[in-house]
Amino acid sequence: MPTLESPEVALLDRSDSAVEALPDFTSESYKDSYSRINAIVIEGEKEAHDNYMAIGTLIPEEADELKKLARMEMKHMKGFTACGKNLAVTPDMPFAKEFFSPLHNNFQEALAQGNLTTCFLIQAILIEAFAISAYNVYIRVADPFAKKITEGVVQDEYLHLNYGQEWLKANLQSCKEELIKANKVNLPIIRSMLDQVASDAAALHMDKEELMEEFMIAYQDSLNEMGLDNREIARMALAAVV
Ligand code: PL3
Ligand code: FE2
Ligand code: FE2
């Protein structure tokens, strides 16, 4: 029977759904996985910065607002860089660059065509919902230093998702067809990124199904807020599984 001092009792105090022990942040296997995950997050924040700056060149009247979002992304990048340093981990940046390259290339192609709908879908909806899911799950199992940083970051990511969502909502009539088309191409890429990161995430005690669940909540909520109906949202979400 658990006593007050026993580990079982301490575990019961954790308020999240995944009631499990925190990982050993100093183990070699934790640090090995962290070197890739930390790099992915650093690269993702850097690309997010570049993407908001790039979108600003297509909408001059929004350039100042987009610069603000980009500046937040730089701050996130610095925060996560500090998280790696704090654990004495060197981020594997070449791995992360390769990891982001399919989305990176699709964003660049859309940008070159002045295709704002696809740019917003890739950066503000798909990447931000991916970040929100990852950070929400990570907060439950992070070391205390990284937890504090990630809690601040995830609040900003909701603002970024919301910004893209409001632009797409305001333009929905003219951009719906393109939105659905771009989603068909890019949601499977997010799915494959999640598959690629799952085993490293598991080493950090992050559960794949929990990540998918958190992603689907942020993604579907956002499509709903844009004004898509349940059938349209279901069709779009199915692009992740078929
Ligand atoms: C946009 O502001 C940021 C984009 C970053 C995308 C990150 C996706 C992360 C997937 C890996 C899951 C682990 C999270 C752990 C956090 C240190
Ligand atoms: Fe960010
Ligand atoms: Fe963001």
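A polar contact here is a pair of N or O atoms within 3.5 Å. Keep that cut-off in mind for the tour of this predicted model.

**Stop 1: the polar contacts of ligand 1.** Select ligand 1 and E157. A polar side-chain atom of E157 sits 2.8 Å from an oxygen atom of the ligand, which is within the 3.5 Å limit. One of its polar side-chain atoms is 3.1 Å from an oxygen atom of ligand 1. Then show E128. An N or O atom in the E128 side chain lies 3.2 Å from a ligand 1 oxygen.

**Stop 2: the shell.** Hide the surface and select the residues around ligand 1. There are 15, and I37, E45, E73, E128 and E157 come nearest. Color them by class: 10 are nonpolar, one is polar and four are charged. Which helix gives the most to this shell? Select helix 5, which supplies seven residues. Helix 5 spans 116-139, and helix 2, at 28-58, also supplies at least two. Display cavities if your viewer can. The largest cavity is the space taken by ligand 1.

**Stop 3: the iron ions.** Select ligand 2, an iron ion. Its protein donors are E45 (OE), E73 (OE), H76 (ND1) and E157 (OE), at 2.0 to 2.2 Å. Along the chain, these donors follow the spacing E-x27-E-x2-H-x80-E.

**Stop 4: the helices behind the site.** Finish with E73 in helix 3 (residues 63-86) and E157 in helix 6 (residues 144-170). The pair therefore ties together parts that are 84 residues apart in sequence.

Definitions and conventions:
Residues numbered from 1 in each chain as written. Chains lettered and ligands numbered in written order. Predicted model: local features only at pLDDT ≥ 70, side-chain atom pairs only at ≥ 80, totals over all residues. Heavy atoms only, no water. Near = heavy atom within 4 Å. Polar contact = N/O pair within 3.5 Å; in protein donor to acceptor, adjacent residues only side chain to side chain. 1 Å grid on protein atoms, 1.4 Å probe; cavity = no way out; pocket = protein on both sides within 12 Å on 5 of 7 lines; lining within 4 Å. Sits in = over half its atoms within 2 Å of the grid points. Helix = DSSP H or I, 4+ residues; strand = E, 2+ residues; numbered from the N terminus. Nonpolar A, V, L, I, M, F, W, Y, C, P; charged D, E, K, R; others polar. Donors = N, O, S within 2.8 Å, 3.2 Å for Na, K, Ca; no water.
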